[in-house]
Amino acid sequence: SQKGFEVSQALPFPTKIITDKQARNKEYRAAKSGLDLQRAVILSQARLAYVNYWAAKERHGIVSEKKQWFSKHVRSSRVATRADTEAQLHLLEIEVEQGMLENDVAQTEADLEQSKNALRSYLGSAEQVAFEPVEPEIFTLEKTKVNSSRFIEVKNQEFEAKDKQAQLAK
């Protein structure tokens, strides 16, 4: 103007630059922590899918073996039941039990397929599930390095980053 001074600044104040960089650093740390947390959750879900697959495989093996034993028992009982009415009742009971076991075998086969399909979503290839699972270790939150304080830390970093952005907008 003609009677006064005009001050203009092409470069932002140094404190604004520093605050902006700090906000971006906090955003990066929050995003990285969030990804680490998400990775741990996916890993836990994959482990759970494996444990479910292993358990279904074990249940199927146990029920199938039990069915085989009942089949042998039915064959040996048929020989002894010709004249004995009590043995005929026993034979009827074990034949009914054998029929229920056949239903259990079918159910465990369905459970096995369902758990195998759940595991396939983490492996990426259907052919990779054709293995014999071994008994899994017991995993705890300490082993996977995920706990509630880590989650709170991530949320605090996100909040601080948003707070810094709000300060910059002023």
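I take contact to mean heavy atoms within 4.5 Å. The model is predicted, so I note its limits: local features need pLDDT of at least 70, side-chain atom pairs count only at pLDDT 80 or more, and totals for chains, interfaces and linings use all residues. Residues are numbered from 1 along each chain as its sequence is written, and side-chain values use heavy atoms, with hydrogens and water left out.

**Entry 1: contacts of Val63**

I looked up Val63 with that cut-off. Leaving aside residues up to four places away in sequence, Val63 touches Leu101, Asp104, Val105 and Thr108.

**Entry 2: fold**

I counted elements next. Helices (H or I, at least four residues) and strands (E, at least two) are DSSP runs, numbered from the N terminus. The chain has four helices and zero strands. Read from the N terminus, the order is α-α-α-α. I then asked about sequence separation. Among contacts in the chain with a separation of 6 or more, 78% join residues 24 or more positions apart.

**Entry 3: surface**

I used the Shrake-Rupley method with a 1.4 Å probe for accessible areas; for residues, only the protein chains shown count as cover. The chain comes to about 13100 Å² of accessible surface. Carbon and sulfur atoms hold 57% of this surface. I call a residue buried under 20% relative accessible area, exposed over 50%, and partly exposed in between (1.4 Å probe, protein chains only). On that scale, 23% of the 170 residues are buried.

**Entry 4: nonpolar cores**

A nonpolar core is a set of buried Ala, Val, Leu, Ile, Met, Phe, Trp, Tyr and Cys residues joined through side-chain atoms within 4.5 Å. The largest one has seven residues: Val63, Phe70, Val74, Leu91, Ile94, Leu101 and Val105. I checked which elements supply two or more residues to this core, and they are α1 (14-80) and α2 (85-123). α2 gives the most, with four residues. I also found a second, separate core of five residues, including Ala49, Ala56, Leu112 and Leu119.

**Entry 5: helix α2**

I looked at the length of α2. It has 39 residues and reaches 56 Å from its first C-alpha to its last. That is close to the 57 Å expected at 1.5 Å a residue, where the expected span is 1.5 Å times one less than the number of residues. I listed the buried residues of α2: Ala87, Leu91, Ile94, Gln98, Leu101, Val105, Thr108, Leu112, Ser115, Lys116 and Leu119. Their cover includes α1.

I checked Glu58, in helix α1. Glu58 is partly exposed, at a relative accessible area of 38%. Glu58 and Thr108 are 50 residues apart in sequence and 9.4 Å apart in space, C-alpha to C-alpha.

I checked Ile62, also placed in helix α1. Ile62 is exposed, with a relative accessible area of 55%. Ile62 and Thr108 are 46 residues apart in sequence, with 9.8 Å between their C-alpha atoms.

I checked Met100, in helix α2. Met100 is partly exposed, at 43% relative accessible area. Met100 and Lys67 are 33 residues apart in sequence and 9.4 Å apart, C-alpha to C-alpha.

**Entry 6: rings**

I count a charge as over a ring if NZ of Lys or CZ of Arg is within 6 Å of the ring centre and within 35 degrees of the ring normal. The charged end of Lys72 sits over the ring of Trp69, 5.0 Å from its centre.
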